[in-house]
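Have the sequence and the 3D view side by side as you read.

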Amino acid sequence: MNARVAVGTALGVIVLAPWAQAEHRFQKLTAAQIQGKLVGMELTDESHWGEVFGRDGTLAITSMGHKSAGKWRIRKDQLCLETGEAPGGGCYEVWISGKNVELRNQDSSLPLEGVLLKPTDTR
């Protein structure tokens, strides 16, 4: 590799790095923002599971082809999910970057990750 290619490659990495970081900058949502973002939408991994947030606090859960129902509410800037026997129940801070969502709680070092989309019935 000649010096021009090496310098060009290095500059490309330096120029792209701030853009890549901005792409994944998450913002913590307040109670009002959680309400505004989630109502009528589906939080999903786009393959295995999805949760549709009803206006009335109902939660339509689909996991690996099985459907169940739960409830959701907002308490102190946190999203609280009652999922019955389905995994994922509890209260979470909601962090968002574009359509990417992380549900974070103090009991786990890893967030629950998904994307926020208009509901589909394909899972």
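A nonpolar core, as the term is used here, is a set of buried Ala, Val, Leu, Ile, Met, Phe, Trp, Tyr and Cys residues joined through side-chain atoms within 4.5 Å. Buried means under 20% relative accessible area, exposed means over 50%, and partly exposed is in between (1.4 Å probe, protein chains only). Before using those terms, a word on what you're looking at: this is a predicted model, where local features need pLDDT of at least 70, side-chain atom pairs count only at pLDDT 80 or more, and totals for chains, interfaces and linings use all residues. Residues are numbered from 1 along each chain as its sequence is written, and side-chain values use heavy atoms, with hydrogens and water left out.

First, the overall layout. The chain has two helices and nine strands, and reading along the sequence gives the pattern α-β-α-β-β-β-β-β-β-β-β. Helices (H or I, at least four residues) and strands (E, at least two) are DSSP runs, numbered from the N terminus. Of the 123 residues in the chain, 28% are buried. The accessible surface comes to about 8200 Å², and 56% of that belongs to carbon and sulfur atoms; these areas come from the Shrake-Rupley method with a 1.4 Å probe, and for residues only the protein chains shown count as cover. Take the contacts (heavy atoms within 4.5 Å) between residues at least 6 apart in sequence: 41% of them join residues at least 24 apart.

Now for the inside. In soluble globular proteins, nonpolar side chains tend to be buried together. Here the largest nonpolar core holds 18 residues, and the members that touch the most others are Phe53, Trp72, Leu79, Leu81, Val94, Val101 and Leu103. Which elements give two or more residues to this core? They are helix H2 (31-38) and strands E4 (58-63), E6 (78-82), E7 (90-97) and E8 (100-104). E7 gives the most, with three residues.

Setting aside neighbours within four places in sequence, Leu81 is in contact with Glu51, Phe53, Leu59, Lys71, Trp72, Gly88, Gly89, Gly90, Tyr92 and Leu103. Is Glu51 buried or exposed? With a relative accessible area of 7%, Glu51 is buried. Beyond four places in sequence, Glu51 touches Met41, Glu42, Leu43, Leu59, Ala60, Ile61, Leu81 and Thr83.

The structure holds one aromatic pair. That pair is Phe53 with Trp72, edge-to-face, at 5.4 Å centre to centre and 85° between the planes. The pair links distant parts of the chain, with Phe53 in strand E3 (residues 49-53) and Trp72 in strand E5 (residues 66-75), 19 residues apart. As for the cut-offs, rings of Phe, Tyr and Trp (its six-membered ring) pair if their centres lie within 6.5 Å; planes under 30 degrees apart count as stacked, over 60 as edge-to-face and the rest as tilted. Phe53 is buried at 1% relative accessibility, and Trp72 is buried at 7%.

Next, the cysteines. There is one disulfide (a pair of cysteine sulfur atoms within 2.5 Å), and it joins Cys80 to Cys91, S to S 2.1 Å. Cys80 sits in strand E6 and Cys91 in strand E7, so the bond ties together parts that are eleven residues apart in sequence. The torsion about the S-S bond of Cys80 and Cys91 is about 110°, so the disulfide is right-handed. Cys80 counts as buried, at 4% relative accessibility, while Cys91 counts as partly exposed, at 22%.

Ile74 is in strand E5 and counts as partly exposed, at 25% relative accessibility. Leaving out residues up to four places away in sequence, Ile74 touches Ala31, Ile34 and Gln35. Gly84 is in the loop between E6 and E7, and is exposed, with a relative accessible area of 70%. The C-alpha atoms of Gly84 and Lys71, 13 residues apart along the chain, are separated by 9.0 Å.
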